[in-house]
Amino acid sequence: RQVKSSCVLTRQAAEKPVPDFGSVVTEELAGSQDLDLGVFRLPAGDIYAEETTVVWVAVLSLGFALICEPHENLMLAENTLRMMVKYFMQHLNLLMQGNDVTLKTDRIEAILNTFLPHGQLMFLNCCFIQSLEKDLNASIFK
């Protein structure tokens, strides 16, 4: 709910139209959308012993989030999340109606293991990203 609320507030502040979270998405509409992103903090409590930060990205009616430890680099988390979202959209066709993501867990696992191995953020440069992309495509299209 916090990501949805943050997304709506961000779009309203930027004077962008607020997405209809229940609408059917066409391929043309999906390709024309830009990403909304943000950050918020979760207080220490029942789930986490200390305050944590959540970096989120929204594409139309979908939200993606990384929960970060206090010492983690938030810019690196944002870049990693943007990259993963790009590959989720590309390899899973998430916005297309009738698409069953639960049948594509191997692709989800490959993307997560490639860009977030063992849940750890990695510093990435252009050459390393190209190498990771080749490895990802090889593992997905076996």
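1. Contact, as the word is used in this note, means heavy atoms within 4.5 Å. The model under discussion is a predicted one, and on that basis threonine 53, leaving aside its neighbours within four places in sequence, is in contact with Val39, Phe40, Arg41, Leu66, Ile67, Cys68 and Leu74. Threonine 53 belongs to strand 2, which covers residues 52–59, and its relative accessible area is 4%, so this residue is buried.

2. As to the overall layout, the chain has five helices and three strands, and read from the N terminus the elements follow the order α-α-β-β-β-α-α-α. Of the 142 residues in the chain, 35% are buried. Among the contacts in the chain with a separation of 6 or more, 47% come from residues 24 or more positions apart.

3. Glutamate 78 deserves a separate remark: is this residue buried or exposed? Its relative accessibility is 15%, and because buried means under 20% relative accessible area, glutamate 78 counts as buried. Glutamate 78 is placed in helix 3, residues 74–92, and, when residues up to four places away in sequence are not counted, it touches Leu37 and Val55.

4. The next two points concern helix packing, and two packed helices are described by the angle between their axes and the distance between the axes. For helix 3 and helix 4, the latter spanning residues 105–115, the angle is about 155° and the axes are 10 Å apart. That angle makes helix 3 roughly antiparallel to helix 4, and the crossing of helix 3 past helix 4 is right-handed. On the helix 3 side the contact involves Thr80, Met83, Met84, Tyr87, Phe88, His91 and Leu92, which meet Arg107, Ile108, Ile111, Leu112 and Phe115 of helix 4. Sorted by class, this contact of helix 3 with helix 4 contains nine nonpolar, two polar and one charged residues.

5. Helix 3 also packs with helix 5, residues 126–140, at an angle of about 30° and with the axes 13 Å apart. Helix 3 and helix 5 are therefore roughly parallel to each other, and here too the crossing, of helix 3 past helix 5, is right-handed. In this contact Met83, Lys86, Tyr87 and His91 of helix 3 meet Ile129, Glu133, Leu136, Asn137 and Ile140 of helix 5. The residues of the contact of helix 3 with helix 5 comprise five nonpolar, two polar and two charged.

6. A last point concerns the cysteines: how many disulfides does the structure hold? The structure holds zero disulfides. Cysteine 126 takes part in none, and the nearest cysteine sulfur to its own, that of cysteine 127, lies 6.8 Å away; likewise cysteine 127 is in no disulfide, its nearest cysteine sulfur being that of cysteine 126. Since the cut-off for exposed is over 50% relative accessible area, cysteine 126, at 63% relative accessibility, counts as exposed, and cysteine 127, at 60%, counts as exposed as well.

Conventions:
Residues numbered from 1 in each chain as written. Predicted model: local features only at pLDDT ≥ 70, side-chain atom pairs only at ≥ 80, totals over all residues. Heavy atoms only, no water. Helix = DSSP H or I, 4+ residues; strand = E, 2+ residues; numbered from the N terminus. Buried < 20%, exposed > 50% of the residue type's maximum accessible area, 1.4 Å probe, protein only. Disulfide = S-S within 2.5 Å. Axes fitted to C-alpha atoms, helices over the stretch in contact; angles between N-to-C directions. Parallel < 35°, antiparallel > 145°, perpendicular 65-115°, else oblique. Left-handed = near helix turned anticlockwise from the far one by under 90°. Nonpolar A, V, L, I, M, F, W, Y, C, P; charged D, E, K, R; others polar.
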